[in-house]
Amino acid sequence: MNTKNVVVTLLALLSVSAMPASAESAGDWYERMGKGDCTTALEELRRGAESGDASYQNALAGAYYDGVCVQRSREDAAAWYRKAALQGHGASQYGVAYLYVKGEGLPQDYAQAASWFRKAADQGHLAAGNWIGWLHEQGLGVQKSVGEASRWYRWAAERGDAIAQRNFGRLLFNGSGVKKDVAAAAGWFRKSADQGDADAQNWIGWMSERGQGLPQDYVQAVVWYRYAAEQGLAMAQANLGVLLASGLGVTKDPEQAAAWYRKAAEQGEPRAQYLLGVALAGGDGVAKDAHEAVVWYRKAAEQGRARAQFKLAYAYASGEGVEKSPREAAAWYLKAAEQGDSDAQNNLGLLYELGDGVRQDASEAARWYELSARQGNAWGQRNIALMLRDGEGLPASPIQAYAWLNLAASADTPHPDAAEERNALAARLSKAQLQDGQRLARAWKPGSAMGAPRVKAEAPAPARPASADGLYPARPAARPGVTTCNTRCVNGDCYRTYDSGRKVRFQARQRFNPLTSQLEWDSGAC
């Protein structure tokens, strides 16, 4: 629970005694103290409190809690709240309960907190009812029961408590303890948002952006995100930055997007830290700075943000913004890969295939390639296909290799070499094997392993040479003033024929494609 939104200002907890110690109420004296009139006001409050007036005891407790005209003391606040609470003063009962929750001035004790919140709620204290709901939801000091949490949230929400309205809306949205109803959730979020609750405003923005429970409306999403962002809610600041960066519902403004990312990132919001790193790495809305990008990637990565772990790994792999370290790259790729990041799984597989930063291990490379491939990653599909084709790290299966290459070539973002490699392999398969491979590709579903071939796994026919000279491609036509060449690569092993007829075999270099976030082989220009 976001306690900064739950703490009720202690002035709001004050109530007027039936027999005040003076013509002015405890609340009046407290307000005067807040304006700097310490001597007289504090004296009056203390006199009323020591005479046993609960409202004055409550006000004096508030002064100690906030440090108004006295040295701040949670212990003194707890003592005065308890004196008033024992007299049945509802706001002080809430104060005692809250200190038990926080462990401030009193030992942390959720059971005691629940008891005192219940006393306050029985007197109609709405924030106390919201807290009882939260304790039931978490199972702290009371039996865990989302249904009971829902009942208390609703009780306080129907009486106008903004935080309870937001919490009840959240349960409705998730279908926790109540029947799922996103439209009803939006209604409760709106009631809370209209009272200024920043978290509820962010919820309305999110639902407007995605069209869940509300009509999709990016303009309204920007409006509500901005309300919450200007109150300092980090998640809303990040959300607003995303829409400003994309130009959805607002004029595209990379500079403002980066500024909001930074506000949220400085509050520790991991997605904003990652997005700020991306902006800095690309110079999008801010001056390009690879070193600072790595700083923010690291902050987000250390909080478990998988995509930031991937970006940090690539920085170590490429030496951009940080000293190159294949070992560190492998370690961060592993963290992201274990969270299911398909790009990290593919790149980690490549490191195992090359023995770069890790021991060389074809079986481990194949395992990570396949995990990536199962998620629909075209690079992972292409790489596991080559392992299956060549029998590297796992038994050879040309039919399954063909199926994976077929998928990689037809993906939304296809691997640039997959179609050529698929066609070359198809030329080596029998008609029955080819049909079986196409059947496997049709039957494959995202998240699943490749099916088993039905056709006998006989060895494919020898590869057809690209020209009469074997593996070297045909000689290209000459063009005046330009050197031309044709290049054929199998993984990193490349064969090149120049327009002069010269033939060269060489090893391609490994590079990162920023558009696809993948490591690729680069054969270079002619």
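**Reading a helix and its ring pairs**

Colleague: Which residue follows H4, and is its phi positive or negative?

Modeller: H4 is followed by Gly67, and the phi of Gly67 is positive, near 70°. The "H" labels are helices, DSSP runs of H or I with at least four residues, numbered from the N terminus. Keep in mind that this is a predicted model, where local features need pLDDT of at least 70, side-chain atom pairs count only at pLDDT 80 or more, and totals for chains, interfaces and linings use all residues. Residues are numbered from 1 along each chain as its sequence is written, and side-chain values use heavy atoms, with hydrogens and water left out.

Colleague: How many Å should the 13 residues of helix H4 span?

Modeller: The expected span is 1.5 Å times one less than the number of residues. For H4, residues 54-66, that gives 18 Å, and its end C-alpha atoms are 18 Å apart, so the two agree.

Colleague: Okay, and how many residues of H4 are buried?

Modeller: Buried means under 20% relative accessible area, using a 1.4 Å probe and protein chains only. In H4, twelve of the 13 residues pass that test, so the helix is largely enclosed by the rest of the structure. Among them are Tyr56, Leu60, Tyr64 and Tyr65.

Colleague: What covers the buried residues of H4?

Modeller: The cover includes H2 (26-34), H3 (38-50), H5 (74-85) and H6 (90-102). Contact here means heavy atoms within 4.5 Å.

Colleague: Now the rings. How is an aromatic pair described?

Modeller: You give the distance of the centres and the angle of the planes. Rings of Phe, Tyr and Trp (its six-membered ring) pair if their centres lie within 6.5 Å; planes under 30 degrees apart are stacked, over 60 edge-to-face, and the rest tilted. The whole structure has 15 aromatic pairs. Take Trp131 and Trp134: their ring centres are 5.3 Å apart and their planes sit at 85°, so this pair is edge-to-face.

Colleague: Where are Trp131 and Trp134 in helix H8?

Modeller: They're three residues apart in H8 (residues 126-138), so about one helical turn separates them. Trp131 is buried at 0% relative accessible area, and Trp134 counts as buried too, at 13%.

Colleague: What about Phe189 and Trp203?

Modeller: Their ring centres are 4.6 Å apart with planes at 10°, so that pair is stacked. Phe189 belongs to H11 (residues 182-194) and Trp203 to H12 (residues 198-210), so the pair ties together parts 14 residues apart in sequence. Phe189 is buried, with a relative accessible area of 0%.

Colleague: Which residues do ring pairs link into a cluster?

Modeller: Tyr94, Tyr98, Phe117, Trp131 and Trp134.

Definitions and conventions. Helix = DSSP H or I, 4+ residues; strand = E, 2+ residues; numbered from the N terminus. Buried < 20%, exposed > 50% of the residue type's maximum accessible area, 1.4 Å probe, protein only.
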